[in-house]
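Thanks for coming. I will go through one model today, starting with the aromatic side chains, then the sheet, then the disulfides. Please have the sequence and the structure open.

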Amino acid sequence: MDISRRGRHSRLLTFRTCGTLLVTAGLLISGCSSGSSTADASMAALPRSTPAELAPYYAQKLSWRECGVPGFECASMKAPLDYAEPGAGDIKLAVARKKATEKSERLGSLLVNPGGPGGSAIGYLQSYAALGYPAKVRASYDMVAVDPRGVARSEPVTCLDGKGMDAYTQTDVTPDDRRETAELRTAFDEFAGGCEKRSAKVLPHVSTVEAARDMDVLRAALGDEKLSYVGASYGTFLGATYAGLYPERVGRLVLDGAMDPALPARRMNRDQTAGFETAFQSFAKDCVARAAECPLGADSPDAAGKRLKSFFGELDRAPLPTGDGDGRKLGEALATTGVIASMYDEGAWPQLRDALTSAIKQKDGAPLLALSDSYYERDGDGSYANLMFANAAVNCLDLPPSFSTPEEVRESLPAFEKASPVFGDGLAWSALNCASWPVKATGTPHRIEAKGAAPIVVVGTTRDPATPYRWARSLASQLDSGRLLTYEGDGHTAYGRGSECIDSTIDAYLLKGTAPKDGKRCS
């Protein structure tokens, strides 16, 4: 569950301000029953001793090799495909590292995960973390990443080919009648059926609990007594799950852009919908202040929202040309995705203004299509990374579906539209996707307390679009040793995004073990 919504828009992108690099930050989401907003059950820790049947995995030695990126080493690690039956077969997980630059100051390994679920941790390591984290952190830690099971290089889940994904991403997610509703259900059915056909072996075994157990095997293989970790977005749920299972093995954990594991998914989806509305209001306020530069007018943020919603309706009726070689036009679904992708970081706002100007005033949909393609990780040759496949596979396994029928969605539309007049209806319908899933969910909402763990730093951003601030407050209060660190600002996640207060506080924790006072606030 990472953010929280398991629909096609559950993917989180972070437009890093340290250059033009687009970094996957995470998606969360999940579906779920519509029960209470807080779970009564708490995650129970696993036994401290390693079961005999898992001993060979914990004792394995990683064989490191060069892997085509200067300064990095790669290896393969074995884990049980099914922890309930370790003898039933293995799954191979891809691992990468960049060694600490100062051996005399080495503190051990620092595992990183950018979120998703479905984001490649190795890609994040090689393109950003091992190059862009503070020099002192990189000097003191071996920077390490493992692509979680089913993701990227670790026996990836696959579902549709490029043409199939093109059709899927263009499906109307604001159905106006029975025919369009049936078409949406068919799209979800075909997506799920493709996953079952192409990935039947791994599909039942890509849960967050299993990925967290893999992290403990990796900790042992790296020779670390405790796990130090920085996780963003869905990576916070993965890290918190690790802490719940192995509290005595927690080293220095940073959970940035935190999720609340105690929420049912429908509530989680609705909260995230409100988060995107909050982010859009910040964008709209900035946009209308620029008067003639704002393609949504200069009246007010609310008026800008109504203009955008009206524009989406125009695209639903008459998609715009894009010049795309595969003949794709900019319809409502792709345009909405492009706008949502730009809500993760205020650094993307100028690009979004330009894209909306091209679409609204010049009738050119190409720039918004490019934003959508970046969000979906669609390459120029029409192929897609496995991000969206893994995202659905993990989310639909971690929690039961948010909705089981179109009728349930319709009943919830007023609540979602109240949460976001701009995005509410589309995000509600997108959360119907897990109703078609071929594997029954194995997880349920639960609290994570991790009693006995060392201090864990939970970071929340007050106007985070994808992981609302209240989730960080909730997770920090659940964790027995949670320390809430607040960033008062816009965007998704906080570490490395320009706040000296946030960065210096987290650096002090990672380098010296000095956890911040619970409730510290930064801007």
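A search of the whole structure gives 15 aromatic pairs. Before I take some of them, note that this is a predicted model.

Take Phe 280 and Phe 283. Their ring centres are 6.0 Å apart and their planes meet at 45°, so this pair counts as tilted. Both residues lie in helix α8, which covers residues 265-288. They are three residues apart, about one turn of the helix.

Phe 280 has another partner, Phe 423. Here the ring centres are 6.1 Å apart and the planes stand at 90°, so the pair is edge-to-face. Phe 280 is in helix α8, whereas Phe 423 is in the loop between α14 (406-419) and α15, so the contact ties together parts that are 143 residues apart in sequence. Phe 280 and Phe 423 are both buried.

There is also an aromatic cluster. Which residues form it? The members are Tyr 168, Phe 188, Phe 191, Phe 389 and Trp 437.

The charged end of Arg 97 sits over the ring of Trp 64, at 4.0 Å from the ring centre.

Now the sheet. It is an open sheet of 10 strands with mixed pairing, and the order is β3-β4-β5-β7-β6-β8-β9-β10-β11-β12. Which strands are at the edges? They are β3 (65-66) and β12, each of which pairs on one side only. As a reminder, strands of a sheet pair through backbone hydrogen bonds, in either the parallel or the antiparallel sense.

An antiparallel example first. Strand β4, residues 73-80, is joined to strand β5, residues 90-98, by eight bridges, and the two run antiparallel. If you want a place to look, Ala 79 has Ile 91 of β5 as its bridge partner.

Strand β8 covers residues 227-232 and runs parallel to β9, with five bridges between them. In that pairing, Gly 231 stands opposite Leu 255 in β9. Between these two strands the chain passes through helix α7 (residues 234-245), and this β-α-β crossover is right-handed.

β9 also pairs with β10, again in the parallel sense, over four bridges. Leu 253 has Ile 456 in β10 as its bridge partner. How enclosed is β9? Of its seven residues, 250-256, six are buried, so the strand is largely enclosed by the rest of the structure.

Last topic, the disulfides. The count comes to five. With the bonded cysteines numbered in sequence order, the pairing reads 1-2, 3-4, 5-6, 7-8, 9-10. I will show three of them.

Cys 67 and Cys 74 are linked, with 2.2 Å between the sulfur atoms. The torsion about the S-S bond is about 65°, so this disulfide is right-handed. What about accessibility at each end? Cys 74, at 10%, counts as buried.

Next, Cys 396 and Cys 434 form a disulfide with the sulfur atoms 1.9 Å apart. The torsion about its S-S bond is -80°, and the link is left-handed. This pair connects distant parts of the chain: Cys 396 is in helix α13 (residues 387-398), and Cys 434, 38 residues away, is in the loop between α15 (424-430) and β10 (456-463). Both cysteines, Cys 396 and Cys 434, are buried.

Then Cys 501 and Cys 522, whose sulfur atoms are 2.0 Å apart. This link is left-handed as well, with -55° about the S-S bond. Which elements does the pair link? Cys 501 is in helix α17 (residues 500-512) and Cys 522 is in strand β12 (residues 520-522), 21 residues apart. Cys 501 has 21% relative accessibility and so counts as partly exposed. Cys 522 has 3% and counts as buried.

That is the end of my part.

Technical notes:
Residues numbered from 1 in each chain as written. Predicted model: local features only at pLDDT ≥ 70, side-chain atom pairs only at ≥ 80, totals over all residues. Heavy atoms only, no water. Disulfide = S-S within 2.5 Å. Buried < 20%, exposed > 50% of the residue type's maximum accessible area, 1.4 Å probe, protein only. Pairing = 2+ DSSP bridges. Right-handed = clockwise from strand over helix to strand, strands pointing away. Phe/Tyr/Trp six-rings, centres within 6.5 Å; stacked < 30°, edge-to-face > 60°. Lys NZ or Arg CZ within 6 Å of the ring centre and 35° of its normal.
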